[in-house]
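Please open the model in your viewer and keep the selection panel at hand. The stops below say what to select next and what is there.

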Amino acid sequence: MMLNHRSSRILLPVRMNFVFITLVIALTLHFIPMGSFYAIPDFVALVLAFWCVREPLRVGMGTAFILGVVVDVAHGAVMGQHATAYVLLAYASIIMSRRLLWFAPTAQALHMAPLFLMTQIVMLVIRLLVGGRFPGWEYFFSSFTTAVLWVPVHYLLLLPQMRPIDRDDNRPI
C-alpha cells in the first residue's frame with residue numbers, strides 16, 4: 001500500500017459551511033453554458049465525490065439526490081437522470097472512502113475514474129431508455145477530465161484544513 005505522507009498531516013475539522021459553498025460553486029460551474037464541447041468535467045460529481053470520500057458521515061446519498069434533482073431541473077434533463085447517477089456515485093465513493101484515503105491523490109484519481117465513467121454510463125442509459133439518442137463516444141471524455149481534475153481539487157479543497165490554528169515557530173505539528 002502507498003501511504004500518502006504529505007496528506008497524512010493532522011488536518012483541522014472541515015466546516016460544513018465550506019462544504020456547502022464548494023458544492024454551490026460546483027453547481028454554478030456546472031450551469032455555465034459550454035456548447036457541445038464534450039470534455040467539460042462534471043464539477044458537481046467531482047466535488048460531491050470528494051466530500052463523500054473525505055466526509056462520508058456528513059455528505060452522502062441524500063446530498064447527492066438533492067444535487068442531482070437540481071441539475072436535472074436546471075438542465076431540463078430526464079427527471080432523475082443526474083439524481084440516480086449521483087446517488088450511485090455517492091454510494092460507491094462512501095464504500096471506497098476508507099481505502100482511498102491511504103493512497104496519494106494521483107492514485108485516488110485512478111480509483112475514481114471508473115466511478116466517474118459509471119456516472120456517465122448511468123446517465124446515458126437513462127437517457128436512452130426514454131428515447132434519447134446516443135451522443136457519440138466523445139460523450140465519455142468528461143469522465144476522464146473529471147478524474148484528471150481530482151488532484152488539483154484535492155489540494156484546493158483541503159487547503160483551509162491544512163493551516164495551523166495558532167502559528168508558533170516552536171510548535172512541532
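Begin by selecting W51, which touches V14, F18, V19, T22, L23, P56, V59, L157 and Q161 when residues up to four places away in sequence are not counted; contact here means heavy atoms within 4.5 Å. Before going further, note that this is a predicted model, in which local features need pLDDT of at least 70 and side-chain atom pairs count only at pLDDT 80 or more, while totals for chains, interfaces and linings use all residues. Residues are numbered from 1 along each chain as its sequence is written, and side-chain values use heavy atoms, with hydrogens and water left out.

The helices are DSSP runs of H or I of at least four residues, strands being E runs of at least two, and both are numbered from the N terminus.

**L89.** Select L89 in helix α4 next; L89 counts as buried, at 0% relative accessibility. Leaving aside neighbours within four places in sequence, L89 is in contact with A45, A49, L115, F116, M118 and T119.

**Helix α6.** Move to residues 141-148, helix α6, whose buried residues are S142, S143, T146 and A147. Seen down the axis of α6, these buried residues fall within an arc of 135°, so they line one face of the helix; the arc is that of the directions from the helix axis to the C-beta atoms. They pack against α2 (43-54), α5 (105-129) and α7 (150-162).

**The cavity.** What lines the largest cavity? Select D42, A45, F116, T119, Q120, S142, S143 and T146 to see its lining, to which α5 and α6 each supply at least two residues. Its volume is about 40 Å³. On a 1 Å grid over the protein atoms alone, a cavity is a set of points where a 1.4 Å probe fits but cannot get out, whereas a pocket is an open set with protein on both sides within 12 Å along at least five of seven lines, and lining residues have an atom within 4 Å of a point. Grid points are joined across faces, edges and corners, and a volume is the space filled by probe spheres set on the points.

Finally, turn to the largest pocket, which holds about 670 Å³ of space, and select H30, H75, H82, R127 and Y139, the closest to its centre of the 25 residues that line it. The elements giving two or more residues to this lining are α1, α4 and α5. End on H30, which lies in helix α1 and is buried, with a relative accessible area of 16%.

Key
Buried < 20%, exposed > 50% of the residue type's maximum accessible area, 1.4 Å probe, protein only.
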